Amino acid sequence: MDIRVTPLESDCFYHIYNRGINGEVIFKTDRNYLFFLNKIKENLLPVCDIYAYCLMPNHFHLLVKIKSDDDLDNLVKVQNLDKVEGLHSPKHIFSKQFSNIFNSYSQAFNNENNRHGALIESPFKRKLISSEDYLRQCIIYIHQNPNSEDYENFPYSSYKTILSNNNTSLKRDEVIDLFENKENFAFCHKKETDYEF
């Protein structure tokens, strides 16, 4: 089934990932990474909770849990989407929010880099996470993504934030609970994951 018309389901976890067109670099500077993270916070937090992320130069990974139907219904009413049909209907609100991120980021990136046209592949890829073990493996996979670098110190991943006590909009406590404690979270990341991508 075409993922463009398959809505993401409420109260479900998804691994969301995408890359630049033809593997093109989509993050060149610290400002690019921070702008994209800000757009994620601004557009996705109303529709989902974020459990993990990693932004690489030419692609990104997010682990999200779509909010409940009640939360999404409230957002739909606030945005006056009750009567909208098609790809912009309430059942596709998550995809609409992602489209807002991609469009805003692409425009800013294109202006900064004197380029034009699409930057990020469409539609974005998604994988339904069907079990708690699979959820843990996905978190590890996302954090280990910069495998040629030191993932523990990689600046554009949620790994360090989850281990810190800094303010965050990530679901840090829920992630730590999945691994029982911070020590086990760090220990499990030292092993290779079985996550099938």
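Reader: How are H1 and H3 oriented to each other?
Author: In this predicted model, H1 and H3 are roughly antiparallel to each other, a label given to angles over 145 degrees, with under 35 counted as roughly parallel, 65 to 115 as roughly perpendicular and the rest as oblique. Their packing angle is about 155°, and their axes are 9 Å apart. Axes here are lines fitted to C-alpha atoms, for helices over the stretch in contact, and angles run from 0 to 180 degrees between N-to-C directions.

Reader: What is the basis of the model and its numbering?
Author: The model is predicted, local features need pLDDT of at least 70, side-chain atom pairs count only at pLDDT 80 or more, and totals for chains, interfaces and linings use all residues. Residues are numbered from 1 along each chain as its sequence is written, and side-chain values use heavy atoms, with hydrogens and water left out.

Reader: Asn43, then: buried or exposed?
Author: Asn43 counts as buried because its relative accessibility is 10%; buried means under 20% relative accessible area, exposed over 50%, and partly exposed in between, with a 1.4 Å probe and protein chains only. Asn43 belongs to helix H1 (residues 30–44). Leaving aside neighbours within four places in sequence, Asn43 is in contact with Gln97, Asn100 and Ile101.

Reader: And what does Ser104 touch?
Author: Not counting residues up to four places away in sequence, Ser104 touches Phe35 and Lys39. Ser104 sits in helix H3 (residues 93–113) and is partly exposed, with a relative accessible area of 21%. The C-alpha atoms of Ser104 and Phe35 are separated by 9.7 Å, although the two are 69 residues apart along the chain.

Reader: Changing topic, at what angle do H4 and H7 pack?
Author: Helix H4 (residues 132–143) and helix H7 (residues 182–189) pack at about 65°, with their axes 10 Å apart. That makes H4 roughly perpendicular to H7. Ile139, Ile140 and His143 in H4 meet Phe185, Cys188 and His189 in H7.

Reader: Which residues of H7 are buried?
Author: The buried residues of H7 are Phe185, Ala186, Cys188 and His189. They lie on the same side of H7 because they cover an arc of only 165° around the axis, taken from the directions from the helix axis to the C-beta atoms. The buried residues of H7 pack against H4, helix H5 (159–163) and helix H6 (172–178).

Reader: Lastly, how many helices and strands does the protein have?
Author: The protein has seven helices and four strands. Helices (H or I, at least four residues) and strands (E, at least two) are DSSP runs, numbered from the N terminus. Of the 197 residues, 45% count as buried.

Key. Contact = heavy atoms within 4.5 Å.
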